[in-house]
Amino acid sequence: MKGLRKVLTPFAPDQSGASGVLYSMGALIVIIDAGGCTGNVCGFDEPRWHDTRSAVFSAGLRDMDAILGRDELLASKIKSACERIDTAFVAVVGTPVPATIGTDYKALKRLIENKIDIPVVPVISNGMKLYNEGEKEAYKALIDEFADETPAVAKDQIVLGMTPLTYGKEHIDITLDDIKNIRGAKTLIAASSSGIDACEYLGRDFEIVSPVYKDNIPEGITGKTLVCHDEVVGKTLRDAGVDCDIVTFFKLHDAVKKDGDRKITEEDEFIAMVRDGGYDTIAADICLKDLVPDYKGNWVDLKCFAISGRT
Amino acid sequence: MKHEAVFFTAEEILKRGKAGIPDELLSGKNLVYSSPATLAYNSPGAEGFGVKRAGLSVPESVMLIVAPGCCGRNTSLISSMPEYKNRFFYLEMSEPDLVTGRHLNKIPDAIKEVLAFLKDNGKKVPKVVMICITCVDALLGTDMDRVCRKAEDALTGGEYEGIKVRPCYMYALTREGRRPPMVHVRQTIYSLLEPMEKDPRSVNIIGGFAPLENTELITYLKSAGIRNIRQISTCKTFEEFLDMARANFNIVIDPEARAAAEDMNKNLNIPYIELTRVYSTDKISSQYKALASVAGIDIIDSEEKAEADEAVNKLKAAYPDLTFNIGECTNANAFELALSLVRMGFKVDEIYATLAPENFVYVKNLALLSPDTKIFCNMEPTMLYYKISSSKAQVTIGKDAKFYCPDIPNIAWNQDTRPFGYQGVRDLMNKVFEALKEAEA
């Protein structure tokens with residue numbers, strides 16, 4: 001059945017992706033939820049939360065707040081927090097609750113900005129899409145709000161999409177300063193699917209490559225290989241000489257896709273690819289092995305935090 | 001900007017009175033800071049026994065989480081535990097589902113597919129399927145009782161006939177409502193019981209999802225001739241669980257089980273007695289006297305009380321000026337524990353907890369004995385700026401207290417198994433003693 005998961009747990013959702021992009025930017029991040037979604041972000045999908053405190057808050061919505069659409073109360077709570085906490089800007093991140101009640105994010109931005117003197121960046125996410133979509137929306141919202149048309153500083157290189165959800169501990173944070181100067185960067189690198197989306201949104205030339213896997217083929221990959229990860233990880237391994245098909249649960253851009261590559265959604269699709277593909281090696285997060293316990297070939301554990309939650 | 005965490009002393013709060021508790025200490029007045037405590041209690045499925053684990057405390061049950069993917073994401077923390085393998089399944093909602101509600105129509109077929117999957121893979125077919133739904137369906141006003149009835153009907157006449165389907169509401173939105181998720185899930189669980197012949201020598205202890213261990217309460221009940229003391233966590237099979245309907249009375253050890261106990265009183269004719277977990281040995285003694293009187297049994301608690309008092313005295317003798325910081329992510333009411341510790345002769349420098357009006361009585365008494373005790377709210381946004389350097393504590397209690405004071409010896413005291421009564425006091429004192437000795441070494 002479409003949408004039924006019998007073996008795997010759900011992958012990182014869009015609100016986690018959005019929060020992951022915003023986490024290192026000195027923003028006051030407000031997740032518009034009752035608490036559960038924030039718990040999921042900080043308690044599970046944000047490995048940096050355990051080491052560095054960041055201003056991630058839940059809106060603390062209650063049923064009547066949602067039913068009556070008390071945006072004014074939310075704006076007042078944000079104003080109160082901004083009076084006591086230093087922040088460069090406020091980011092409001094969507095969840096299933098505002099998706100259900102049809103929150104108007106543009107109106108919410110205006111409402112909050114009327115109360116405070118700093119920019120408000122709404123990121124439209126709904127908990128039903130995957131993390132790469134949330135990362136993409138966060139990049140777009142940041143670019144719209146902060147990217148200078150003619151930056152004063154010309155940065156050599158900015159890497160987009162190298163977030164913990166794709167790369168775990170090997171992530172590279174970007175700063176608000178990077179976003180401000182992004183249009184003037186000499187080189188833009190898309191390190192994951194959301195990086196490609198962000199670069200395309202900027203309308204600039206860019207390089208698609210994973211800095212982690214560039215000329216760095218994980219030990220054990222031999223023969224015909226199925227790589228299941230972010231598409232850029234797959235492409236980088238292919239470019240490094242791995243004979244592989246790419247399968248991804250996330251997004252597959254035309255700029256990456258070759259014959260044999262597939263974007264999948266369901267557990268059964270992965271099972272069928274492994275069963276019918278005749279692969280010598282599967283390079284994928286080890287948690288996916290539970291889907292194909294009878295697979296006898298070579299398995300290389302290619303960790304993906306967004307899939308398994310393992311750093 | 002001060003860059004300081006907001007706090008109020010017990011004396012300041014007493015002066016303001018119960019009606020004047022500062023907004024900074026109350027829930028619902030501010031954005032919610034992400035501390036370990038708020039992550040646990042804001043998210044009814046996040047950790048400890050939230051709705052998901054609670055629902056699966058029914059023996060031989062599985063859970064189908066019908067929700068946006070984000071709601072089930074952190075379940076992998078739980079499903080990696082051996083006892084939950086092959087017990088969580090997910091039917092992910094899509095954006096069209098949100099508009100059309102068609103995810104609800106898919107539930108009966110999804111259940112059948114899950115049951116077939118278990119059977120085909122040589123797993124045990126469950127007796128109960130819990131359907132866990134979340135905030136979206138709360139807002140859509142989904143009638144889950146009807147959805148579950150339809151799902152049961154769909155199993156009728158087939159190989160899975162008789163399997164019960166029940167709703168679990170993981171509605172974080174209703175956490176402060178009339179029936180919060182953790183109240184509701186207990187009602188759902190015990191609603192599975194059906195009237196049975198009573199056994200006058202059977203008692204249930206309800207409220208927890210892990211067993212009470214080594215507590216004197218069990219000993220007292222056995223000494224009074226109670227042969228069957230049932231807790232849901234010790235029932236190995238669904239049939240054993242159903243035997244809880246034979247109880248002569250229920251002992252409720254968590255106020256969140258009160259509504260379930262009321263239901264059982266009404267539907268199964270099982271009356272209940274409520275006992276509270278406290279850390280004052282005098283209060284514990286009073287509770288046991290009340291239990292003995294109501295249940296018509298004899299309870300002689302002098303030995304256990306002496307043991308608990310001895311543990312207190314041992315700690316006091318070794319560390320006469322011991323100062324605590326206390327969090328709420330712990331098997332205690334932080335305010336009651338603070339008051340009890342102060343009455344034992346210790347000091348409490350800081351408390352990290354949300355001050356619900358029902359806890360004002362503890363703060364009031366605390367203010368008389370320890371007016372300078374500082375009270376912070378775990379939820380309050382300025383906790384981002386909390387600095388340990390200002391605290392005088394030598395030991396902390398609670399997982400959240402460790403988060404704020406990482407360099408001080410800590411007793412998390414948030415284990416699944418619940419401490420209770422004199423055993424709780426004794427074990428906590430001994431743990432503190434050991435932690436301090438270990439830190440010295």
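Two residues are in contact here if their C-beta atoms, placed from the backbone, lie within 7 Å. By that criterion, 54 residues of chain B touch 51 residues of chain A in this predicted model.

H7(B) provides the largest share, 6 residues. Sorted by class, the side of chain B that touches chain A holds 28 nonpolar, 17 polar and 9 charged residues.

Strand E1 (residues 4–5) of chain A pairs with E4(B) in the antiparallel sense, over 2 bridges. In one of these positions A:Arg5 has B:Tyr90 of E4(B) as its bridge partner. The open sheet to which both strands belong has 5 strands, in the order E1(A)-E4(B)-E3(B)-E5(B)-E6(B), and its pairing is mixed. E1 of chain A and strand E6 (164–170) of chain B each have a single partner strand and stand at the edges, so one side of each is left without a neighbour in the sheet.

Further along this sheet, strand E3 (residues 61–67) and strand E5 (residues 128–134) of chain B run parallel and are joined by 6 bridges. B:Leu64 stands opposite B:Ile131 in E5(B). Helix H9 (residues 144–155) of chain B lies across E5 and E6 of chain B, and runs at about 155 degrees to E6(B).

Next comes the division of chain B into domains. The domain assignment gives domain 1 (8–30 + 301–440), domain 2 (48–190) and domain 3 (202–275). Taken over C-alpha atoms, the centres of domain 2 and domain 3 of chain B are separated by 25 Å. The contact between these two domains takes 16 residues from domain 2 of chain B and 15 residues from domain 3 of chain B. On the domain 2 side, helix H3 (51–55) and helix H10 (181–190) of chain B each supply at least two residues. The largest share of that side comes from H10(B), with 6 residues. By class, the side of domain 2 that touches domain 3 has 9 nonpolar, 2 polar and 5 charged residues.

Chain B has another open sheet, of 6 strands, in the order E1-E13-E12-E11-E14-E15, again with mixed pairing. Its edge strands are strand E1 (8–9) and strand E15 (410–411) of chain B, each of which pairs on one side only. Within this sheet, strand E12 (residues 347–352) and strand E13 (residues 374–376) of chain B pair in the parallel sense over 3 bridges. B:Glu350 has B:Lys374 in E13(B) as its bridge partner.

The remaining topic is a helix pair in chain A. Two packed helices are described by the angle between their axes and the distance between the axes. For helix H4 (residues 71–84) and helix H6 (residues 105–113) of chain A, the axes come within 9 Å and cross at roughly 45 degrees. That angle makes H4(A) oblique to H6(A), and the crossing is right-handed. A:Asp71, A:Ala75 and A:Ile78 in H4(A) meet A:Leu108, A:Leu111 and A:Ile112 in H6(A). The residues of this contact divide into 5 nonpolar, no polar and 1 charged.

Methods:
Residues are numbered from 1 along each chain as its sequence is written. Chains are lettered from A and ligands numbered from 1 in the order in which they are written. This is a predicted model: local features need pLDDT of at least 70, side-chain atom pairs count only at pLDDT 80 or more; totals for chains, interfaces and linings use all residues. Axes are lines fitted to C-alpha atoms, for helices over the stretch in contact, and angles run from 0 to 180 degrees between N-to-C directions. Helices (H or I, at least four residues) and strands (E, at least two) are DSSP runs, numbered from the N terminus. Angles under 35 degrees count as roughly parallel, over 145 as roughly antiparallel, 65 to 115 as roughly perpendicular and the rest as oblique. A crossing is left-handed if the near helix is turned anticlockwise from the far one by less than a right angle, and right-handed if clockwise. Ala, Val, Leu, Ile, Met, Phe, Trp, Tyr, Cys and Pro count as nonpolar, Asp, Glu, Lys and Arg as charged, and the others, Gly among them, as polar. Two strands pair if DSSP finds at least two bridges between them. Domain bounds come from an automatic or database domain assignment.
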